[in-house]
Amino acid sequence: MLCDKVTQSSPDQMVASGSEVVLLCTYNSTYSDPGLFWYRIRPDYNFQFVFYGDKSRSRGSYFAKGRFSVKHLLTQKAFHLVISPVSTEDSATYYCAMSTMMQVPRKS
């Protein structure tokens, strides 16, 4: 039986400032068009929405414009977060999540 789940890349990645990092996320879903999210928790415990995407649209947070993007590979069921160039302010724990509800997060 197929269950809904996401799988992320290794939790600890050291990246040089100015380089590019790709945070991997793959998913399995019984739903044909799940909503996919990236969130992060910064060292000061601030929880932030980063990116949303589904088959037809994607949207990032205010701080994600320009340096953050997603590679949504539908056939591979992947929703990878790309940060380029990486900055020290990007230090955080990043989480990929999935929802089968059709609700886009409000503007930050």
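Predicted model: local features only at pLDDT ≥ 70, side-chain atom pairs only at ≥ 80, totals over all residues.

Numbering starts from 1 along each chain as its sequence is written, and side-chain values use heavy atoms, with hydrogens and water left out.

**Stop one: the disulfide.** Select cysteine 25 and cysteine 96, which are joined by a disulfide with an S to S distance of 1.9 Å. The rule asks for a pair of cysteine sulfur atoms within 2.5 Å, and the count comes to 1 disulfide. The link ties together distant parts of the chain, 71 residues apart: cysteine 25 sits in strand 3 (residues 25-28) and cysteine 96 in strand 9. Strands here are DSSP runs of E, at least two residues, numbered from the N terminus. Look along the S-S bond: at -65 degrees, the link of cysteine 25 and cysteine 96 is left-handed. Both cysteines are buried, meaning under 20% relative accessible area, with exposed over 50% and partly exposed in between (1.4 Å probe, protein chains only).

**Stop two: the loops.** Most residues other than glycine have a negative phi, and most peptide bonds are trans. Now select tyrosine 45, with a positive phi of about 70 degrees, in the loop between strand 4 (35-41) and strand 5 (47-53). Tyrosine 45 counts as exposed because its relative accessibility is 72%.

Next, pick lysine 77, in the loop between strand 7 (68-73) and strand 8. Its phi is positive too, about 50 degrees, and at 32% relative accessibility lysine 77 counts as partly exposed.

**Last stop.** Which peptide bond is cis? Select serine 84 and proline 85: the bond between them is cis, with omega near -5 degrees. Proline 85 lies in the loop between strand 8 (78-83) and strand 9 (93-99).

Technical notes
Helix = DSSP H or I, 4+ residues; strand = E, 2+ residues; numbered from the N terminus.
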